[in-house]
Amino acid sequence: MKKFLAQHKTPLILSVIAVVVVFGVFRLTGGSTVFSGTRIGYIGKASRSRWSGRYVSFDGMMKKTIYPEGDTLHVEIKTESGTISIEMKDSHGKVIFEKKNIETSSFDVEVPEKVVIRIEADHHKGSFDIGG
């Protein structure tokens with residue numbers, strides 16, 4: 001066993017460092033977007049503090065954690081057809097904002113330092129932009 005560890009010590013250390021770096025980058029960029037459903041013509045942008053997307057059709061659910069730069073998120077929704085709903089939760093899972101069947105509009109939401117955003121749509125054509 002000692003011989004095996006001596007021969008594989010450097011690759012093992014490099015592998016651990018790589019995993020830590022990937023995890024760190026993942027945390028700094030706000031992680032990934034969870035998606036379930038159908039998106040047609042989807043073009044999206046996501047960073048640690050902002051999330052936006054536009055599309056010809058979105059039917060399903062997307063979820064992303066963001067870390068706002070301030071204590072307010074500005075939300076812009078454009079609805080050409082279909083429906084879209086947004087739910088925001090704090091880091092403890094408490095719902096801090098919820099709105100269903102959103103027409104074209106913009107509004108501000110007071111938020112903590114970490115927000116889990118869930119967007120649900122039913123054949124929605126339009127866009128969303130959520131950020132500071």
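At 29% relative accessibility, Lys-89 counts as partly exposed, a class that lies between buried (under 20% relative accessible area) and exposed (over 50%), with a 1.4 Å probe and protein chains only. Its side chain meets that of Glu-87 in a salt bridge of 3.9 Å, N to O, where a salt bridge is a side-chain nitrogen of Lys or Arg within 4 Å of a carboxyl oxygen of Asp or Glu. Glu-87, in turn, is buried, with a relative accessible area of 18%. The model is predicted: local features need pLDDT of at least 70 and side-chain atom pairs count only at pLDDT 80 or more, whereas totals for chains, interfaces and linings use all residues. Residues are numbered from 1 along each chain as its sequence is written, and side-chain values use heavy atoms, with hydrogens and water left out.

Turning to the overall fold, the protein chain holds one helix and seven strands, in the order α-β-β-β-β-β-β-β from the N terminus on. Helices (H or I, at least four residues) and strands (E, at least two) are DSSP runs, numbered from the N terminus. Of the 132 residues of the protein chain, 29% count as buried. The accessible surface comes to about 8400 Å², and carbon and sulfur atoms account for 56% of that area; the Shrake-Rupley method with a 1.4 Å probe supplies these areas, and for residues only the protein chains shown count as cover. With contact taken as heavy atoms within 4.5 Å, 65% of the contacts between residues at least 6 apart in sequence join residues at least 24 apart.

Strand β7 (residues 115-131) pairs with two other strands, as judged by DSSP finding at least two bridges between the members of a pair. With β3 it pairs in the antiparallel sense over 13 bridges, and Met-61 stands opposite Glu-120 of β7. With β4, the sense is again antiparallel, over 14 bridges, and here Ser-81 stands opposite Lys-125 of β7.

Two histidines of β7 are worth a look. Beyond its neighbours within four places in sequence, His-123 is in contact with Ser-57, Phe-58, Asp-59, Ser-81 and Gly-82. His-124 also lies in β7 and counts as buried because its relative accessibility is 0%. The side chains of His-124 and Tyr-55 are joined by a polar contact of 2.8 Å. A polar contact is a pair of N or O atoms within 3.5 Å; within protein, one must be able to donate a hydrogen and the other to accept it, and residues adjacent in sequence count only if both atoms are side-chain atoms. With neighbours within four places in sequence left aside, the contacts of His-124 include Val-56, Lys-78, Thr-83 and Ile-84.

Side chains of opposite charge can pair when their charged atoms come close. In this model the count comes to six salt bridges. One of them is formed by the side chains of Glu-80 and Lys-125, at 3.7 Å from N to O. This pair links distant parts of the chain, with Glu-80 in strand β4 (residues 72-89) and Lys-125 in β7, 45 residues apart. Both ends are partly exposed: Glu-80 has a relative accessible area of 48%, and Lys-125 one of 34%. Another salt bridge joins Glu-120 and Arg-118, with the closest N and O atoms 2.8 Å apart. Glu-120 is partly exposed at 40% relative accessible area, as is Arg-118 at 29%. Salt bridges that share partners also join Lys-78, Glu-80 and Lys-125 into one network.

The largest nonpolar core has 22 residues, of which Ile-86, Met-88, Ile-117, Ile-119 and Ile-130 touch the most other members. Strands β3 (51-66), β4, β6 (105-110) and β7 each supply at least two residues of this core. Such a core is a set of buried Ala, Val, Leu, Ile, Met, Phe, Trp, Tyr and Cys residues joined through side-chain atoms within 4.5 Å. Among the contacts of Ile-86, apart from neighbours within four places in sequence, are Val-75, Phe-97, Ile-117, Ile-119 and Ile-130.

Finally, Gly-70 is found in the loop between β3 and β4 and is partly exposed, with a relative accessible area of 39%.
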